[in-house]
Amino acid sequence: MIRTFKAAPAIALALALFDGAAYAQTIKIGVNEPLTGAFAASGTYVVNGAKIAADEINAKGGILGKKIELVIEDNKSNPTEAAAVAEKLITRDKTPVLLGAWGSSLTLAVMPKLVEYETPMVVETSSAGKITTSGNPYIFRISPPSAVEGAAFSKIIDKLAIKKADFLVINNDWGRGTAEDFGKMMKEHGITIGLVETMDQSAQDMSAQLAKIKASDSETVIVTTAVDQLTLIFKQAAAIGLKKRIITTGGSQNPDQIIAQAGAAANGTMHLTTFLPWYPDKTPNPEATSYFIGEWKKRGFDFAGCTESFRGYDGIRTIAAAIEKAGKAEPAAIKAALWEINIKGLNGDIVFKKSGPAGQESGQSFPNVYLIEIADGKVGMKAL
């Protein structure tokens, strides 16, 4: 009995050492994305893009002599779940850095956990302004906040001759933030702001809001929501005979998916986007863009997903560059290194500049923004 009693902890110790050795063979990166719920399509695209980046890096030998291991969790398009997922990835899975969390409300819910556990996160999609202005030094965003997107749009907005605009936005931080930031920018250009209509993220029928917009005296509608809801909006707008110019924001529209699902109802719509997979030669990194699109197609994914998936690809490449520069996979070292990276992303140089209150700044990169138009069932650059 005595020998058996002594052997048990010895075996446990050996197993623990084995587990530790196995852990040391990879560098873990936590991925917190919506894989079910209202934003599932977008989150899945981002995850698949992240996998392409990880596979590419691993095929070249990994980083610091180790392979990347993505620890992927579903936040279920729910802010409470997103916070719980972040805590799990940090405390249980021991990931020293995160990628996430697609939606602004999801990312905002995660942010207190980053401070609590002093762990950095690269934000690949969320655009609410307060993500980088509220004073969270663990946030590094590669997507444009709505104010930056609006500033880019301001350079061409005069050529569109907009006199009055209504808004139809998703009723969360992303949508309301877009209406506020774009509204402010448009007023500075002498544009009158009319109705600001909202819709829940799970809403299927926007006919009441669209009827109000149809009856207004605006000639332009700014729409902000995810692709599935956009498709419904275009169909319902066509059904009631709404003929106004529609411009979508947020870069998450998947125009090809809209064309496939909305058909002729999508014709004439314009979209602000941060990636040009239709025109690789016009992107800041044509070689990398062509590789990414080729790999995306090789894996059998729909081309429509490229406008979302590149965010996951660039996000993981950003994190890998920071780990390489840090020389170790530790949260504090990665956080410091993120301020020093300068890599060429698929939509522009990824370099973080300080945003937010002094001493607690977040990092914000400034990608390119493009205006595209759907005409005759095809995507084209808007001629201005």
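Reader: Among contacts in the chain between residues at least 6 apart in sequence, what share joins residues at least 24 apart?

Author: The share is 69%, where a contact means heavy atoms within 4.5 Å. The model is a predicted one, in which local features need pLDDT of at least 70 and side-chain atom pairs count only at pLDDT 80 or more, while totals for chains, interfaces and linings use all residues. Residues are numbered from 1 along each chain as its sequence is written, and side-chain values use heavy atoms, with hydrogens and water left out.

Reader: What makes Ser-77 count as buried, and where is its place in the chain?

Author: Buried means under 20% relative accessible area, exposed means over 50%, and partly exposed lies in between, with a 1.4 Å probe and protein chains only. Ser-77 has 5% relative accessibility, and therefore counts as buried. Its place is in the loop between strand E2 (67–74) and helix H3 (79–91), where helices (H or I, at least four residues) and strands (E, at least two) are DSSP runs numbered from the N terminus.

Reader: Why is Lys-76 called partly exposed?

Author: Lys-76, which lies in the loop between E2 and H3, has 45% relative accessibility and therefore counts as partly exposed. Lys-76 also has a positive phi of about 60°, although it is not a glycine.

Reader: Which backbone atoms does the side chain of Ser-77 reach, at what distances, and what makes these pairs polar contacts?

Author: A polar contact is a pair of N or O atoms within 3.5 Å; within protein, one must be able to donate a hydrogen and the other to accept it, and residues adjacent in sequence count only if both atoms are side-chain atoms. A polar atom of the Ser-77 side chain lies 2.8 Å from the backbone oxygen of Thr-36, and the side chain of Ser-77 reaches the backbone nitrogen of Phe-39 at 3.0 Å. Leaving aside neighbours within four places in sequence, the residues in contact with Ser-77 include Pro-34, Gly-37, Leu-106 and Gln-201.
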